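Hi,

Here is the structure I said I would pass on.

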Amino acid sequence: MKFILVVYMCLAGACESVYEQKLYDTREQCEVAGQEVRDYAMSEFPQSSGEVWCLTEDQFIKYQEYYDQTQDT
């Protein structure tokens with residue numbers, strides 16, 4: 001099973017979802033990378049908020065489908 005690192009970040013009222021093209025072989029590898037992203041964002045953008053997730057490929061497809069639907073409204 002592969003994992004995709006997804007970052008959802010809000011800054012000054014604008015929110016965006018981004019993800020890495022790289023697939024991680026284990027959830028642990030993805031979570032370590034996610035913690036690095038979280039630490040960087042908190043130090044560089046202290047007024048921001050957001051979430052970091054490690055999703056399986058199936059979960060990511062569902063996330064994209066949901067995110068695409070909400071972007072249309």
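Before the sheet makes sense, two terms: helices (H or I, at least four residues) and strands (E, at least two) are DSSP runs, numbered from the N terminus, and two strands pair if DSSP finds at least two bridges between them. A word on where this comes from: it is a predicted model, where local features need pLDDT of at least 70 and side-chain atom pairs count only at pLDDT 80 or more, while totals for chains, interfaces and linings use all residues. Residues are numbered from 1 along each chain as its sequence is written, and side-chain values use heavy atoms, with hydrogens and water left out.

Now the overall picture. The protein chain has 2 helices and 3 strands, and reading along the sequence gives β-β-α-β-α. Its C-alpha trace spans about 35 × 30 × 15 Å along the principal axes. Of the 73 residues, 26% are buried (under 20% relative accessible area; exposed is over 50%, partly exposed in between, with a 1.4 Å probe and protein chains only). Contact here means heavy atoms within 4.5 Å. Among contacts with a separation of 6 or more, 62% are between residues 24 or more positions apart.

On to the sheet. The 3 strands make an open sheet in the order β2-β1-β3, with antiparallel pairing. On average, neighbouring strands are turned by 15° against each other, direction ignored (axes are lines fitted to C-alpha atoms, for helices over the stretch in contact, and angles run from 0 to 180 degrees between N-to-C directions). As background, strands of a sheet pair through backbone hydrogen bonds, either parallel or antiparallel.

Strand β1 (residues 3–11) and strand β2 (residues 14–24) pair in the antiparallel sense over 8 bridges. Alanine 12 lies in the loop between β1 and β2, and it has a positive phi of about 55° although it is not a glycine. Most residues other than glycine have a negative phi. Is alanine 12 buried or exposed? With a relative accessible area of 82%, alanine 12 is exposed.

Helix α1 (residues 27–44) lies across β1, β2 and β3, running at about 20° to β1.

Phenylalanine 3 lies in β1 and counts as buried because its relative accessibility is 7%. Leaving aside neighbours within four places in sequence, phenylalanine 3 is in contact with several residues, including Leu23, Tyr24, Cys30, Cys54 and Thr56. Its C-alpha atom is separated by 6.5 Å from that of aspartate 25, 22 residues apart along the chain. Threonine 56 lies in strand β3 and is buried too, with a relative accessible area of 12%. With neighbours within four places again left aside, threonine 56 is in contact with Met1, Lys2, Phe3 and Arg27. The C-alpha atoms of threonine 56 and tyrosine 24, 32 residues apart along the chain, are separated by 9.5 Å.

Which rings form a cluster? Ring pairs link Tyr8, Trp53 and Tyr63, and the count comes to 3 aromatic pairs. Rings of Phe, Tyr and Trp (its six-membered ring) pair if their centres lie within 6.5 Å; planes under 30 degrees apart count as stacked, over 60 as edge-to-face and the rest as tilted.

Last, the largest pocket, with a volume of about 160 Å³. Its lining includes Val7, Tyr8, Met9, Val37, Arg38, Ser49 and Gly50. The elements that give two or more residues to that lining are β1, α1 and β3. For the terms: on a 1 Å grid over the protein atoms alone, a cavity is a set of points where a 1.4 Å probe fits but cannot get out, and a pocket is an open set with protein on both sides within 12 Å along at least five of seven lines; lining residues have an atom within 4 Å of a point. Grid points are joined across faces, edges and corners, and a volume is the space filled by probe spheres set on the points.

Cheers
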